[in-house]
Amino acid sequence: MEQLLQQVMAGLATGAIYATMALAVVMVYQAIDHLNFAQGELATFSTFLAWQMIEWGWSYWAAFAMTVAISFVIGIAIDRVLFRPVRNAPILSQLVAFIALFSILNSSDGEIWNFTIKTFPTPFGTKPLFGSGLISTHQAGMVAVTLVMLALLYLFFRGSRLGLAMRAAAANPEAARLVGIRVGWMIALGWGLSTAIGAVAGMLIAPIVFLDPNMMLGVLLYGFAGAVLGGLSSPGGAVFGGFAVGIIENLAGTFIPFVGQELKLTVALIVIVAVLMVRPAGIFGQVAVSRV
Amino acid sequence: MTMQEHEAVALDTAAVPSEAAIARPLGLWLDRRRLLIGAAVIAGLMAPLVVANFTIFQLTMVMIYGLAILGLNLLTGFNGQFSLGHSAFYGIGAYTAAILMSGSAELSYYWTLPCAGAVCFVVGILLGLPALRLQGLYLALATFALAVALPQLLKSHVLEGLTGGVQGIVIDKPDPPLGLPINADQWLYYFTLAVLLVMFAAAAGLVRSRTGRAIMAIRDHPIAASAMGINTARYKTLTFGVSALYTGVAGALGAIVVQFVAPDSFSFLLSVNFLVGLIVGGIGSIPGSLFGGVFVLFVPNIAEKVSTGLSGAVYGIILLLLIFLMPSGAAGFVRRTAAWLARLRHTSTRGGA
Amino acid sequence: MKQITRRTILATAPAAIALTGLPVRAEKQYDPGVTDSEIKVGNTAPYSGPASNYSTIWKCEAAYFKMINAQGGINGRQINFISYDDAYSPPKTVEMTRKLVEQDQVFVIAGGAGTPTNTAIWKYMNQHEVPQLFVATGATKWDDPKGHPWTIGFQPNYQSEGRIYATYILQNKPDGKIGVLYQNDDFGKDYLKGVKDGLGAKAASMIKVEATYETTDPTVDSQVVNIKAAGCDVFINTAINKFAAQAIRKAAEIEWRPLHILSGIGNSLAGTLKPAGLEASKGLVTDFFLKDPTDPQWKDDAGYKWWLGFMNEWYPEGDKNDALNVFGPTAAATIAQVLKACGDELTRANVMKQAANLHELSLPMLLPGITISTGPTDFAPIKQVQLARFDGERWQLFGSVISSALPA
């Protein structure tokens, strides 16, 4: 029983990592209607920038704020420069653009900062939470920050004019243009937001997994799985999905005898696919109904 | 699919259009196309006689990747089902061939191809059934699960006895039959070329047939298609099976040519490579798949020549340039150029008459 | 008639001596890839892809050969080191190796990284009789002079390292409960096998948990928690730097202090212990055959000083904290030694003969007491390691040099 609890807690802790990433994934999905495969690499790049600033002597919070700001700008720039020209190309062609971006970032990270793992500081400290050995203060802090970001985003989208404009641009670009919304800039804003969230995710994750160019590869895949599980149209669902993936994977690894350890990821994905069989749009996703 | 894609695909697979005004230039174009294909085949037959062994090996791999990408094309390009899992079919085909050739069965290499195809067909169908309920990115995740599962399964100690586990399986290179005066590399090239021609022709035939039109109708307007009486479930599942078969046969050929299979060769990254090759070659274009194969093999080499340390970055930049210049892939680019040329000829003909 | 003077005798003396049959300089024999001025050495390495962090080994080797060339080359010949990217993908390794052998016509291949990649070209190299020198992986299969006479390994193999850990455990904690963390691929499984073989009959009863991880896993925290929960008091941690560091840190976090054995793969002071926390790493046991460049105890060591000078002058962009950059020049030096020993008889057969003829070759960054030796039936150049314990500041070597040779 204690092992179950421990694994669930450990799952929540890793799940927090996936949840943060899933949130960033869903953000960009809501803005531009597809998945950004380069999200993880953008987050890694941002984290490296932050690390470099700290190396140069900046304080943690100064580096944090600067990195978030720079990432926001980078996101907008990438949209304007890279994706606007291919906006009218088939979806799959845009996918290739993401893959290209991934490749460029990953390779550059390795070349600029090499592959030795680096530590990244955390503002939350690393002592065990409340003295228990199950979850550390940093991990608890991470969960808290993710939930706070989620809440802020919810308020932004539901409660502000800009948020409404962004939702309109994503839901129905043509109609949005007719009401005077500058759809192009809404999409760019969505990109900027998602890159900024990704940067926060990266800076929260790095203290746990150590910073290196390949830091986010696995995390992105798990985050993607979590986002799909929760439902791509629901940010809350994505966060839930991220936590769920963490827990499922840990429990599968521990409790399924014989093959559990080696096939952990496989089992987790099978569970997700099984869930999708029952709810094809994710647990909290809304099934899109379109007029024929 | 955008409007441009609709037009482009229609141009490629339509029968002779009704309007007489453009019938002649288009007819000429189709004839020219057959000439081009014929010329390409002849060049393909001559190639191994003039180039070095190592280049023959590369050309054989290009054909194999082209075949694998054609498999993906059938599913994603022609039927609209997004798959990130084709590395798994390629891997299953490769391991089927390797196990049959090296194990107690000691099957001759040419029999492994139909076996690999059959196994993958069955797996494809089994996957196609649950895939019916999933769309777009959700389907992508399910196929991605498959791609991730395969290396783990191959390495697991449950299957180790069969698959050789992490050490993989080493295969012998087949010799040319009947003491033909060519070496093993050239023989494998011709063998692969023959398989390629047969399977490409079959795919072209499939696409032009009623079944093919049904498959494409499902991609373009699934609801209208089923309203017209097309059994979407059956066609979608079948397409999954056929697509897996094609990529599985390619995998078997790959195993024979490389003479080695190991679990981590068939990871998710290979699926991404196939997808990139598909898009660069042109979705919904059969010859485009071959161009995709060329891209997948040669562009990483080119990128490395430019910069060893930043080869990934160079690769990404080349990819971006290609997408900017040819958003519908190489096939789309060729089509557009041909249509533009045809229009030029048409206006000059009209003007002259 | 010319007068026979002293001058004429002196002039004709050399010819006269030659005619008497005194030893003449040997005829130069060249296989493809060798000329009077050049030796081509080929290589494939993972410059891109999942194993790209290892590529620094061959960047280092390239730098080493540049240094040799600047010092006059080997027996007057410049080394032309041609290295291609194989992205750690066996089909690519095959393609690039064939290019090196068939198109670039290299003389020998300097072994690349990884078991699957080297296995993919194993048969080809032996069929074409091209030396596959000093492959950079610790699989046992490379020590096979009979079956594969053209391939030779280099570092102590993982299975024997595993056995050494097992022996250490049997000596120090014979009724311990063991948990093993290993990467789910060839080298991880080799370590596990070695441990099991070393424990012999007691393996089944002593090993309580065998936990794996994939390189795409973000953390191994859950595996560590599992191992502790099973009541283990011995932890064999064969993970690579990143995951080894995570495991060490997690163990400290959950206040678990087992007998913690770290494998040779992940024991760098700056690469693993510092990120994990030097305090948390106290008491760790591991094995070395090379000097850890980040360990202050080698500060005044002649070999280390040579290495530092080499890095500063020839590979300044290399990370001096990276143990891989010690492996690189050591392997390159061994290749250089073999080529030098060939003299002018630069045939591939002679290369393998010289490679199988190394007697206690000592190199700057090998641990004191460890040398390189090979023989016609012994294709395992480095067969010795020494155990070390971390005292919170540095790795303290203890005990004597242990042979890692597998029992015959």
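Let's start with chain B, where 55% of the 353 residues count as buried (under 20% relative accessible area with a 1.4 Å probe, protein chains only). This is a predicted model, in which local features need pLDDT of at least 70, side-chain atom pairs count only at pLDDT 80 or more, and totals for chains, interfaces and linings use all residues. Residues are numbered from 1 along each chain as its sequence is written, chains are lettered from A in the order in which they are written, and side-chain values use heavy atoms, leaving out hydrogens and water.

Chain B holds 15 helices and two strands, which are DSSP runs (H or I, at least four residues, for helices; E, at least two, for strands) numbered from the N terminus. Its C-alpha atoms fill a box of roughly 70 × 50 × 45 Å along the principal axes. Among contacts (heavy atoms within 4.5 Å) with a separation of 6 or more in chain B, 80% join residues 24 or more positions apart.

Now turn to helix 4 of chain C, residues 115-127. Its 13 residues should span 18 Å, and the end C-alpha atoms are 19 Å apart, which agrees; the expected span is 1.5 Å times one less than the number of residues. Of these 13 residues, 11 are buried, including C:Trp122 and C:Tyr124. What do the buried residues of helix 4 of chain C pack against? Their partners include strand 1 (169-170) and strand 2 (260-261) of chain B, together with helix 3 (90-103) of chain C. Just after helix 4 of chain C, C:Glu129 takes a positive phi of about 55°.

How values were computed
Buried means under 20% relative accessible area, exposed over 50%, partly exposed in between (1.4 Å probe, protein chains only).
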